[in-house]
Amino acid sequence: QVHLAESGGGVVQAGGSLRLSCAASGTISSRYNMAWYRQAPGKQRGLVASVAYSGTTHYSDSVAGRFTISRDTSIETIYLQMANLIPEDTGTYYCYLEVDQGEFAPQTTWGQGTQVTVSS
């Protein structure tokens, strides 16, 4: 069983920066993708950024150029460096892990979420 532990959320003024961390523990194969999702009040959860086991990264249009996702495979941790934060970035940020199981459905795990609040 995989467990994800997020940290780094908080309250920051517009224009500021925060760094989120997500550490994975448990039995994880080498072929896994990880991502950050965000859910604002009254809105659906949406993808913010992802990093595949190949190292390929992807960003939503709303954060491209401001956020950077990175990973340290030696400690199975990903980070989300957020810069130039705007009030629209406010929400609960969830870490997500997906294990590639080939022909079988991927094994997926969600973190408990960490709150980010950007004040104007």
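This is a predicted model: local features need pLDDT of at least 70, side-chain atom pairs count only at pLDDT 80 or more; totals for chains, interfaces and linings use all residues.
Visitor: Where does Gly 15 lie?

Guide: In the loop between β2 (10–13) and β3. Strands are DSSP runs of E with at least two residues, helices are runs of H or I with at least four, and both are numbered from the N terminus. Gly 15 and Ser 120 are 105 residues apart in sequence, yet their C-alpha atoms are 8.9 Å apart in space.

Visitor: Asn 84 came up as a contact of Gly 15. What is its phi?

Guide: Here is the general idea: most residues other than glycine have a negative phi, and most peptide bonds are trans. Asn 84 has a positive phi, near 50°. You'll find Asn 84 in the loop between β8 and β9. Glu 76 also has a positive phi, about 50°, although it is not a glycine. Its place is the loop between β7 and β8.

Visitor: How do I read the pairing of strands, say for β4 and β5?

Guide: Two strands pair if DSSP finds at least two bridges between them. β4 and β5 run antiparallel and are joined by five bridges. They form a hairpin with six residues between them, and Gly 42 in the turn has a positive phi of about 75°. Along this pair, Ala 35 has Ser 50 as its bridge partner, while Met 34 stands opposite Val 51.

Visitor: Is Ser 50 buried or exposed?

Guide: Ser 50, in strand β5, is buried, with a relative accessible area of 18%. Leaving out residues up to four places away in sequence, Ser 50 touches Met 34, Ala 35, Thr 56, Thr 57, His 58 and Ile 69.

Visitor: Which residues touch the most other members of the largest nonpolar core?

Guide: In soluble globular proteins, nonpolar side chains tend to be buried together. A nonpolar core is a set of buried Ala, Val, Leu, Ile, Met, Phe, Trp, Tyr and Cys residues joined through side-chain atoms within 4.5 Å. Of the 27 residues in the largest one, Met 34, Trp 36, Leu 80, Met 82, Tyr 93 and Leu 97 touch the most other members. Elements that give two or more residues to this core include β4, β5 and β9 (91–101). Leaving aside neighbours within four places in sequence, the contacts of Leu 80 include Trp 36, Val 48, Phe 67 and Tyr 93.

Visitor: How many cavities of 30 Å³ or more does a search of the whole structure find?

Guide: Rolling a probe the size of a water molecule over the atoms shows where empty space is left. On a 1 Å grid over the protein atoms alone, a cavity is a set of points where a 1.4 Å probe fits but cannot get out; a pocket is an open set with protein on both sides within 12 Å along at least five of seven lines, and lining residues have an atom within 4 Å of a point. Grid points are joined across faces, edges and corners, and a volume is the space filled by probe spheres set on the points. The search finds one such cavity. The largest cavity holds about 40 Å³ of space, and its lining includes Met 34, Val 51 and Glu 76.

Visitor: What is the volume of the largest pocket?

Guide: About 170 Å³. Its lining has 14 residues, with Arg 38, Ala 40, Lys 43, Gln 44 and Glu 88 nearest its centre. β5 gives the largest share of that lining, three residues.

Methods: Residues are numbered from 1 along each chain as its sequence is written. Side-chain values use heavy atoms; hydrogens and water are left out. Buried means under 20% relative accessible area, exposed over 50%, partly exposed in between (1.4 Å probe, protein chains only). Contact means heavy atoms within 4.5 Å.
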